[in-house]
Amino acid sequence: MRIILFGPPGVGKGTQAKLLSEEFSVPHISTGDLLRAAVKNQSTLGKKAQEYMDAGNLVPDDVMIGLIREILSSPKAKRGFILDGFPRTVPQAQALDTMLSGLGLKLDGVISLRVEHEEVIKRLSGRKMCRTCGRIYSTQQLEIIDMPTKCQDCGGELFQREDDDAETVRHRLEVYVKETKPLKDFYRETGRFIQIDGMLEVPFVHKTILDIVYKSRNGKD
Ligand code: AMP
């Protein structure tokens with residue numbers, strides 16, 4: 001299974017990717033998570049990426065394409081993947097196509113989650129992340145568990161991502177519209193694109209995605 005989850009920041013790609021990764025036992029590859037880990041370790045990649053990320057800008061294509069090339073050619077991605085946050089530009093999508101065809105592999109589909117931009121701003125500026133394990137807590141979850149300061153899974157400190165303040169979120173949305181949204185046409189032209197409603201509750205979105213995946217699998221059988 002090789003799927004791209006597509007959509008603006010804050011639409012729930014990470015949450016859905018994690019569920020799909022568990023369901024189909026394929027790795028969830030989040031370029032945002034990989035970059036944040038690199039920044040934390042202050043690796044060469046992290047040092048290159050940090051400034052762009054903090055400002056809500058895209059990390060240059062050559063850096064991102066190099067990173068994905070390394071992952072796709074590793075044993076980790078052999079059984080498939082759920083890509084979250086890549087590709088984000090047309091050159092990244094073209095490079096991914098070239099890499100996959102070079103490996104003799106095909107994308108099963110691009111699933112786009114649609115959400116109102118005002119909802120994105122509300123979701124992102126309220127969410128928190130665990131500094132240790134990376135778990136994301138939505139505003140709603142934080143209210144239900146009475147505003148915890150520590151992660152329920154690992155006890156790590158919860159914090160607001162540097163790029164989740166309202167002003168940077170607005171900028172990230174502008175970057176999405178300018179650089180990433182044009183990819184919809186790129187994938188529509190190849191017939192691999194399906195758009196679904198990302199405003200629904202997490203389990204409903206998950207079920208919609210599963211229905212699409214199983215339907216396309218049965219179609220192939
Ligand atoms: P995310 O967690 O997917 O919202 O990504 C956080 C940040 O990482 C983005 O705002 C970008 O600065 C950077 N980033 C992640 N994926 C990419 C990509 N495919 N191309 C360029 N920058 C990226």
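Student: Which residues of helix H3 are buried, and what makes a residue count as buried?

Tutor: In H3, which spans residues 44-54, they are Gly46, Ala49 and Met53. Buried means under 20% relative accessible area, exposed means over 50%, and partly exposed is in between, with a 1.4 Å probe and protein chains only. H3 itself is a DSSP run: helices are H or I over at least four residues, strands are E over at least two, and both are numbered from the N terminus.

Student: What should I know about the model behind these values?

Tutor: This is a predicted model, where local features need pLDDT of at least 70 and side-chain atom pairs count only at pLDDT 80 or more, while totals for chains, interfaces and linings use all residues. Residues are numbered from 1 along each chain as its sequence is written, and side-chain values use heavy atoms, leaving out hydrogens and water.

Student: Why is the pair Arg131 and Glu157 called a salt bridge?

Tutor: The term asks for a side-chain nitrogen of Lys or Arg within 4 Å of a carboxyl oxygen of Asp or Glu. Arg131 is in the loop between strands S5 (128-130) and S6 (136-137), and Glu157 in the loop between helix H7 (139-144) and strand S7 (158-159), so parts 26 residues apart in sequence get tied together.

Student: What makes Arg131 partly exposed?

Tutor: Its relative accessible area is 41%, so it falls in the in-between class. Glu157, at 41%, counts as partly exposed too.

Student: How do you know that Arg135 and Asp153 form a salt bridge?

Tutor: Their closest N and O atoms are 3.1 Å apart, so they are inside the cut-off. Asp153, at 56%, counts as exposed, whereas Arg135, at 26%, is partly exposed.

Student: What about Arg172 and Asp163, at 3.8 Å: are they buried or exposed?

Tutor: Both are buried, and 3.8 Å still qualifies them as a salt bridge. Through shared partners, salt bridges join Arg127, Arg161, Asp163, Asp164 and Arg172 into one network.

Student: How many salt bridges does the structure hold?

Tutor: There are 15.
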